[in-house]
Amino acid sequence: MAQFLSDVISDQVGIRELSARLGEPAWLTDARVAAYERYSKLPAPTDRSEGWRRLTFEYGVTPLQDRSQPNTPELWPTIEGSSPGVEAVRLHDAIKSHPDLVRMAIAKPLPAISLHKDLALIEAGWQDGVFVRVADGCVVTEPLTFTYCEPPFTRTLIVVGAGACATIVERHTETWSLGLSLTDVMIGDGAQVKFVYVQNTSSAGFFSVQRARLGRDSKLTTLNFAIGGSFSKTDVEVDLNGQGAESDMLGLVFGDKDQQFDFHTLQGHRAPDTRSDLLFKSALDGSSHSKYTGVISIGKDAPRSEAYQANRNLLLSDDARADTEPKLEILIDDVARCTHGATIGPVDDEQLFYLRSRGLDTDTASRLIVEGFFQEVFHKVGDERVTADLAKMVAPHVERLGAH
Amino acid sequence: MADLILELKDLHVSVGETEIIRGIDLTIERGTVHALMGPNGSGKSSLSLALMGHPKYRITRGVARFEGRDILEMSPDARSLAGMFLCFQYPSSVPGVSVANFMRNTLMARHKGAAPLTPAKFKSLLDGATKSLKMDPAVLGRYVNDGFSGGEKKRLEMMQMLVLKPTLAILDETDSGLDIDALKVIAAGIEAYRSPEHAVLLITHYQRILNYVRPDVVHVLVKGQIVQEGGFELAERLESGGYDPFTKDLVGA
């Protein structure tokens, strides 16, 4: 693993060259170099490190310099769905048009609650990105979707103004052997945001860090939909920073063959009367493997907080595996409620018998149960325009279930 | 010759190593309603689950025929498609699967995967069933039994029976836990289903529902054996005297 990471960015000089080629201002070059310094100092992950334990694949990548072709238009992310009051541009363009906003977000990023070597790496080496800004009070009816294909190191910055309302979809369809993605979402007071992250890459390794900070009385619903990649590691950290803020975190994984998924979530309560709910589900076929680590953190300054966490794993074959680990870090007595639960197991015999007793054969009954397993999460997103596409992506896999 | 729907001879059912049903004979003719009464733990639910083919309830000995076919050779789905139906006492919930979607699948299974009805006819079929059971039409969009109250579950079981129109309906304590208004609705559903073509095995602990659904035959099941058979007057006797006399008989025997 350490071997591979040092292949990607050989040194500070490489970082400076990348920044110069992208025509970046000095502050951004400095931020990259600082991130690289952090990256260098962080201990190299080993097989036993938390979060890297099951990283059993081999990377073979060429150095970053060969990858960065920022001036080739077909490599740009595609952005669909424009609405008044919404600005969606490449991040490098936003550095010019919104220098202060972007600088604040990048030079003073959200405090990383956990330290990731992969996070430092992407802060140092990102090549392209998207900037989305929704104006204060703007109610966006159409979902905004942007799709990354190339290059493989991306950085996304989403700023939603106070009282605004928007649905934003970030899709990843990278084909490079390695992908790294960082997303920062800043949500203003009273804003209502749905954010859907789709990981449908064909990468050998794909790493995503998503951080969100919520203002007062705002609400964020996130869905992480992961179906691609041989190995993927995803960190979703929600910082409930304003009083009364609310976060619904949803996750859906469909694993097949020898795919490995490693999800880490953080429900960070940092203000009074905040509420978080989490439902992460995985359906695992073949010899796929899902590992879930979910932290609920309720700080001293977050009285009357409410937190829920549920992780459900459906094993569709004898060789599929799932691990789940809840972690509670509660520093205050005055908590309204904090519960968590996890299940791992095959399709429930009683459900199966119930459906069969109504005339459905075993395959049809199993498919219906698995579809329902997903549908429950899609329904919670509450935007069928977005989830209908995701259901279509899963459908062929579910159709195949009867085949073995 | 009598038109036999269900024929059980010396039927034994085990769960794990424990024998629950210890040799019963039961014959149900087309067009009749049979009540199977018994105290808790007598094996009523085990019998119904075994008849429907639940893998944990194994028929270890005896004969079980539905319309002359040996059901021991049939999967639960084959039994259902042949015309058997169980109103579960405790039906499973299936989160994420709406009642409408579930019903569409059950009807498709009866038409070899083809859409059996036009959307309009499908809707009117379901609407009719929910209406006759005084159910909120919104139930069709809810997930099967997910978050349903006890009474809502019973009605959904009945609704499926009315839509699927099985030949034999086995009702496993469909009356339990219902208030009198709900009980009347369920009883009206059973009466609506009752016909010369159909047969009912109504499993119950209490005589109460039999005031609304008059059975042709009453069987008393105690400790896995049928200890008494008779007409409606037997149910009335149970109401006043309870199951104790039968339990004692069995101990004495």
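Which hand does the crossing of helix 3 of chain A and helix 6 of chain A have? The crossing is left-handed, a term used if the near helix is turned anticlockwise from the far one by less than a right angle, and right-handed if clockwise. This is a predicted model, in which local features need pLDDT of at least 70 and side-chain atom pairs count only at pLDDT 80 or more, while totals for chains, interfaces and linings use all residues. Residues are numbered from 1 along each chain as its sequence is written, and chains are lettered from A and ligands numbered from 1 in the order in which they are written.

**Helix packing in chain A**

- Helix 3 and helix 6 (residues 117–125) of chain A pack at about 155°, with axes 7 Å apart; axes are lines fitted to C-alpha atoms, for helices over the stretch in contact, and angles run from 0 to 180 degrees between N-to-C directions.
- Helix 3 of chain A and helix 6 of chain A are therefore roughly antiparallel to each other (angles under 35 degrees count as roughly parallel, over 145 as roughly antiparallel, 65 to 115 as roughly perpendicular and the rest as oblique).
- Helix 3 (residues 26–41) of chain A also packs with helix 5 (residues 99–107) of chain A, at an angle of about 15° and with the axes 10 Å apart, and these two helices are therefore roughly parallel to each other.
- The contact of helix 3 with helix 5 is made by Trp27(A), Leu28(A) and Ala31(A) on helix 3 of chain A and by Arg103(A), Ile106(A) and Ala107(A) on helix 5 of chain A, where two residues are in contact if their C-beta atoms, placed from the backbone, lie within 7 Å.

**Domains of chain A**

- Chain A is divided into domain 1 (2–346) and domain 2 (347–404), with bounds that come from an automatic or database domain assignment.
- To the contact, domain 1 of chain A gives 23 residues and domain 2 of chain A gives 15 residues.
- Strand 12 of chain A supplies the largest share of the domain 1 side, four residues; helices (H or I, at least four residues) and strands (E, at least two) are DSSP runs, numbered from the N terminus.

**The sheet of chain B**

- Four strands of chain B form an open sheet in the order 2-1-4-5, with antiparallel pairing (two strands pair if DSSP finds at least two bridges between them).
- The edge strands, each pairing on one side only, are strand 2 (18–29) and strand 5 (69–70) of chain B.
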